[in-house]
Amino acid sequence: MKAVNAYPPSLRRCLEELQKLPGIGPKSAQRILFHLLERGAGASVELAETLLALGKRVERCPDCRAFKEAGAACALCGDPSRDGRLLCIVESAADVLLIEGTGEFRGHYHVLHGLLSPMKGIHPEQLGLEVLDRRLGGGTVEEVILATPPTAEGEATASYLANHLAGRVAQISRIAYGLPVGTDFQYVDTLTLSRALSGRRRFL
Ligand SMILES: [Zn+2]
C-alpha cells in the first residue's frame, strides 16, 4: 500500500505494530488506527496505559502457569472450593477460560503455553513440565485430563505427556472426540466443548 508512505511516521509505526497482532491485516489496522484518532488523544492514552499495565502487572502463576495479577494470589490455584484431585492440561490460558465457560470442570489446571512442534521450535522443556512434576509430587492429584486439541500437534503433545506421567498418577484421561478433528479450540462452541469434556475417556 503505497498510500501508507504518505502517512506521518507515528501513524505508520502504529499501523506496523497493530498488524503484528493475530487476525489484524492492513485494512483492520487502518480501521483501528483511525477509530482511535477520531476519538481524540484520550482514547489512545487510555489504551496505551491499559497495555502498559498488562505488561507490568500480569504474570504467569508459578503453579498452574495461567495469567494472574502480579503480587496477588492465583484465582484458580488459590480457590479452596476447587477439586485438587483433578488436573486439566491445556494448550493456552485462553483454553482455561473456554473450559471454565462450560461449567463442567472444577479442578485445577496446567497451561502448556504451546504444543510440541519441531516446526515451530516448541520442545518439551518449554511446556513447564517441572511445574507439573512439582504439583504431582504433592500427591493430591488422582486424575490428569489431557485437554489438548484433536490436531496433529495436540495429539503428539498428549501422547508425550501420557508417557511422561505414566505410573505417577492413578488415571490419565483424554477428552472425548466430540470436537471436529483438526479444529482449533477457539472456534468451538461451549456446548460441544462441554460434551467433549464430560465424555472424556481413559487414555493410558
Ligand atoms: Zn495458578
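Select Cys-61 first: in this predicted model, Cys-61 is buried, with a relative accessible area of 3%. Next, select Cys-64, which is likewise buried, its relative accessible area being 1%. Both values fall under the 20% limit for a buried residue.

Now display the zinc ion. The SG atoms of Cys-61, Cys-64, Cys-74 and Cys-77 coordinate the zinc ion, at 2.3 to 2.4 Å. Along the chain, these donors follow the spacing C-x2-C-x9-C-x2-C. The angles subtended by the 4 donor atoms around the zinc ion run from 106 to 114°, and the arrangement is therefore tetrahedral. For reference, the ideal angle for four tetrahedral donors is 109.5 degrees.

Proceed to the largest pocket by selecting Ser-10, Leu-11, Cys-14, Glu-17, Leu-18, Leu-33, Leu-36, Leu-37, Ser-44, Leu-47, Ala-48 and Leu-51, which form its lining. The largest share, 5 residues, comes from α1. Colouring by class instead shows 9 nonpolar, 2 polar and 1 charged residues in the lining of the largest pocket. The space within this pocket amounts to about 300 Å³.

Finally, turn to the second largest pocket, with a volume of about 160 Å³. To outline this pocket, select Glu-91, Ser-92, Asp-95, Gly-114, Leu-115, Lys-120, Ile-122, Pro-149, Thr-151, Glu-153, Asp-184 and Gln-186. By class, the lining of the second largest pocket comprises 5 charged, 4 polar and 3 nonpolar residues.

Conventions. Residues are numbered from 1 along each chain as its sequence is written. This is a predicted model: local features need pLDDT of at least 70, side-chain atom pairs count only at pLDDT 80 or more; totals for chains, interfaces and linings use all residues. Side-chain values use heavy atoms; hydrogens and water are left out. On a 1 Å grid over the protein atoms alone, a cavity is a set of points where a 1.4 Å probe fits but cannot get out, and a pocket is an open set with protein on both sides within 12 Å along at least five of seven lines; lining residues have an atom within 4 Å of a point. Grid points are joined across faces, edges and corners, and a volume is the space filled by probe spheres set on the points. Helices (H or I, at least four residues) and strands (E, at least two) are DSSP runs, numbered from the N terminus. Ala, Val, Leu, Ile, Met, Phe, Trp, Tyr, Cys and Pro count as nonpolar, Asp, Glu, Lys and Arg as charged, and the others, Gly among them, as polar. Donors are N, O and S atoms within 2.8 Å of the metal (3.2 Å for Na, K and Ca); water is not among the atoms, so sites may look incomplete. Four donors count as tetrahedral if all angles lie between 85 and 135 degrees; four count as square planar and six as octahedral if opposite donors are over 155 degrees apart and all others between 65 and 115; anything else is irregular. Buried means under 20% relative accessible area, exposed over 50%, partly exposed in between (1.4 Å probe, protein chains only).
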